Amino acid sequence: MNVFFLPLGLILPTLSGYLLLCAAEGKQRVLQTGERMVMGCIGGLTLTMLVSFAANAWLDLPLHFKGFLTVQMMCLLVCAGAWYMTGRGTLPAPALTASHPMSKKMKIVCGVLGVWIAIKVIITSVTFLILTPTYLDDTLDNWNLRGKVYFVDQTLTLVMPAEDPILSPKGVSSYAPTVPLTKTWLATIAGEWDDALINSIHVVWYIAAMMLLYWTLRRKTTLTWSLIGVYLLGSMPLYLMHGTNPYGDAFVSVHVFMALTMLFAGLTEEDGTRRFSFLRIAALMSGLLTFTKNEGLLVYLPPMLLILIIGLIYLHRHHRISFADICRIITWYAGSLIILGLPWLIFKWANGLTFGNAKPFTSLGLGWQENVLLSVFINTFFEGNWLLLFPLLFGLLLWRRHEAFRPYIVPSAFFLIVYLGQMMLFLFTGLSTEALRQTGYARGLVQMMPVIVLLTTLLLQSGAAPFIRAYRELAQEKEMQIG
Amino acid sequence: MHLFRTIGTLTLLCIPLLAHAEDIEIWNFQNGNMPETLSVQQLTSVQRTTAGLAITTSTDGFIVWRDHPLPGPADVITLRVRSAQPAEAAILWPANPAKPDELLQLFFVMEPSNDFRDIDVVVSDYPQWDWRTEIFGIAFPAGTSVTIEQITFRHWAWSERLVEGWKSFWTIDEFRPYSINFLWGPLIATTEPARMKLYDSLPPVAWSAVRLLYGFIIASVIVGSVCYFLSVDKRKGRAHALMIIAATCIASWLVFDLRMGIELLTYAKRDISSYVLPPEHQKTLRTHSNFYSVARSFLPEISRHERYALLIQQDTPFYANLRYMAYPSIPVTDPQQMSGSTLYVVIGRPDISLTADNRLSDANGAVLSPAGRILQRSGNDNFLFLVNQ
C-alpha cells in the first residue's frame, strides 16, 4: 500500500530540519530531543518544499524524483554544514518543569482520556484520509488539484485545468504551494498519484501540533497540566476534522504555533544564551510562516513582529538585554524573512498573484455588515465546533487577567490582536461572507487553535488552585470519616 | 442517605407523568367524511371520494376551514396524501385573528407516489404557529393532483418531549461539504418527526442543546452559592460550592466531548459501512451516492482523450471531482466549446437520451452532440458517448 511511502518521504526533510534547528540553537540546547525532531519534521518539510519551489521557479529544475531529491540532498548538505559550524551544542536543554508524581486516580483519568483521543484520531484519520476518496471542495479545487497538476506537469503550473489562463493564477495559485508540493513529492516517490498516500500527510501536522503543545506546556507547567492541554486540543471537534481531512488550516496552525511559542519562550527566558537560541528558532519559524498561506504573511506575522519589538523594548528598559543584542535579534528575523520570504513574494509579484483568500484583498468594500455578529456568536458559543472552549477562554481572560497580561502576555496579546483584527474585517468589509457562511471565521480559529488551547491551559492552571484545595479538603475529610 | 431518600421519593412522584401519552386527533376524509365548514377557493376540482378528499387544479388555490377550532394543541400536523406529481403545498392560518384574510403559509413538499404517504409538518418549530386558530387551510399550486386521506393533529406530552429531547441530543448529522467549516452540534427537538428531520434544513429548525449545558453551569453556580451562604462552616461550604461548580463544568465538557466524538466516529462508521466494505458497484459515499464508482469505471476511457465534454447538472459538486480525478484529461462544459470533443461523459442526467440519428439530446429536444454511440453505461443516468470518427 502506497501509504508506507509517507515515512520515507519525511526522512530527508526531517533530517534537514533537525540539523537546521540544532544550528539555530547553537551551543545552548533549548529544545527537547523529541520536540526538535517534530519541529524538524514540520519545518524541514516546509523548508525543502520552499527550496523545491524556488529551484523550479528560478532555475527550471523539474518537479520529478531527481529534481526533488537533488533539492533534498542540497538542503541536507547545507543544514549539516550549518550544524557543523554552529550547532554542535555542548550545553543541554534545561530540565522540564518539576512535577509531582501523578496519583493513581489521575493516571487512570489520563489513561482513559488518552485512549479516547487515540480512538478518535486513529479511526477518523484512517477513514477520512486513507480509506475514502477526496471529497471536500477546497481539496478538489486547490490542495490536491494543484499537487496533481504539478505531479503530471512536473512544474509549477499556475493555470488550473479548464480555467481562464488570465484569471486562474489569481485564484488558488495565489496560495503558497507548500501543501500541494508536499503531495507532489510523496506521489513522486511512489511513482503514482494515490489519494491515500498524499492525503495521509495531514494527520502528521495534526499530531505534531499536539506533541508540540505538550512540550511547550512542559516548559511552563507540570506533566498533569500538559496532558490536560493535550486533551483539550484533542477534544476540539472542528480541529479534529481539519486534522483528519485534507485541508490546509491545520498545517498553518502548527506553523503559527511554532513561530509564536518560540517567540514566547525567548521573550520570557531569563538566561541570555537560551533566549538567543529560542529567538533564532523563532526567526526561522517566522520566515517559514510566509510560505504557508496568505494569512501567514498578512495576518499572523505582523502581530508577532509587533510583539517581538515591544518585547525587546521592554527587556531593554528592564536592563535584561543590550541594544547590540536587540540589533542581533532583529538581524536574524530580517535575514530569515528575506531569505525565506522573498522568493515567494517576488514570484507572486512577478506573476501578478494576489494576497486575498482566493480573491484580491483590495476588492473589499467598507461598511457595517448585517448579521455578522450573530453568526459569529452562534459559531463560537452555540455550535459543536469548540465545545465550551471560548466561554472558558474569555472567562479566564477576565478572571485571570493579571496572569493573562503579565506572564502570558505574548499568547494573550497575539490571540486578541488577531481575533479582534479579524472581527473588524468581518464586521466592516466584504469579507463578512466568510463569517456569515461560517467559512473564514471558523478557519481562522482553526489556524490559531493550538495557541488558543495553550493560553487556555496556562490560565486554567493559574486559576485552579482554590478548586484543587477544595477537592483535597473534602477528600481528606471523607478519609477521616471512613477512618 | 437522606439525600438518596429524597431523590428516590421525587422520582417515584414523577412516574405518573410518564403515563400521560401523546394526544392524537384525526380528521378522516375517507368515504366522504368532512368537517362541514370547508370552503374552496380557486381550485378547479375538489371532490369527496371513498379514498379521501380529491383535489385537482390547474390554478393556484386553497381549501380552508373557517370558524372551526382545531382539536387541541398541535405540535405536528400529519397529512396522509397520494400525489400524482411533485408539488409544494402550504398550511395556512391567520397571523392575526383580527385579520382573518391575511394568512401565513408553512410550505411542505408532496412527492409523487402510487400509495398514500404521511407528510409530517412540525408546526411547533415555528413561534408564529397558533393552535387556537379557528381558520385552518391548505394551499395547492397549479398542476396539483392529490388525494388527502386524513389529517392528524398530534400533541406530545411533557414526558415524551423530554424523551425526544434526550434522543435528539444524541442524533447525529451527516458528513456534508459544510462539515469542514462548522458542526451544528447537539440540537434539541421535542417531537419524533422533528427529530427525524433535525439536520435536513439549513440552518436547522431546532435550538442548540449547548443552551442546556450553559443552564446547568449557571445553575451550579447558583446552587453552590446557596450552599455556601447556608453553610455553618464557611470553609467547608466554600469547598462544597467550588466542587459543585467544578464538577458541573467538567461533566458538561466531558458529555459534550463524548457527544461530538461520537458524531465524528459515526461519520467514520457510516463511511466504512457504505463505502469501504461494500463491493465496488455498491459503494456510496456521504452526499455523493455512487459517483466515485461511476467515475472510476469511466476513467480508463476518459484518460484516452485529451479533453472530454462533460454533461452534468448545474448544482452538483461532480465537476470538481471529475476534473481532479481525470486530470490530465480536461473537461469541457461550455456547449459552444464541445464541438471538438470526441468523448461525451454524461453523469446524473436522466433527461439525456439518444435521438433517432444517434445524437445526444436533452428533455427539450435540444441536440447536444454529433452522431455517435454509447460506449459504456453505469446505471440509467450515467454513460460514455463516443462520437463517430
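Analyst: Accessible areas here come from the Shrake-Rupley method with a 1.4 Å probe, and for residues only the protein chains shown count as cover. On that basis chain B has an accessible surface of about 20,100 Å², and carbon and sulfur atoms account for 58% of this area. The model is predicted, so to read it: local features need pLDDT of at least 70, side-chain atom pairs count only at pLDDT 80 or more, totals for chains, interfaces and linings use all residues, and side-chain values use heavy atoms, with hydrogens and water left out. Residues are numbered from 1 along each chain as its sequence is written, while chains are lettered from A and ligands numbered from 1 in the order in which they are written.

Chain B holds 7 helices and 20 strands (DSSP runs, numbered from the N terminus: helices are H or I of at least four residues, strands E of at least two). Its C-alpha atoms occupy a box of roughly 95 × 60 × 35 Å along the principal axes. Of the 389 residues in chain B, 45% are buried (under 20% relative accessible area, 1.4 Å probe, protein chains only). Among contacts (heavy atoms within 4.5 Å) in chain B between residues at least 6 apart in sequence, 64% join residues at least 24 apart.

Chain A supplies the helix, α15 (residues 389–399), where Leu389(A), Phe390(A), Leu393(A), Leu396(A) and Leu397(A) are buried. These buried residues lie within an arc of 130 degrees seen down the axis of α15(A), so they line one face of the helix (the arc is that of the directions from the helix axis to the C-beta atoms). Their cover includes α5 (234–276) of chain B, together with α14 (372–381), α16 (401–404), α17 (409–428) and α19 (440–463) of chain A.

Conventions:
Buried means under 20% relative accessible area, exposed over 50%, partly exposed in between (1.4 Å probe, protein chains only).
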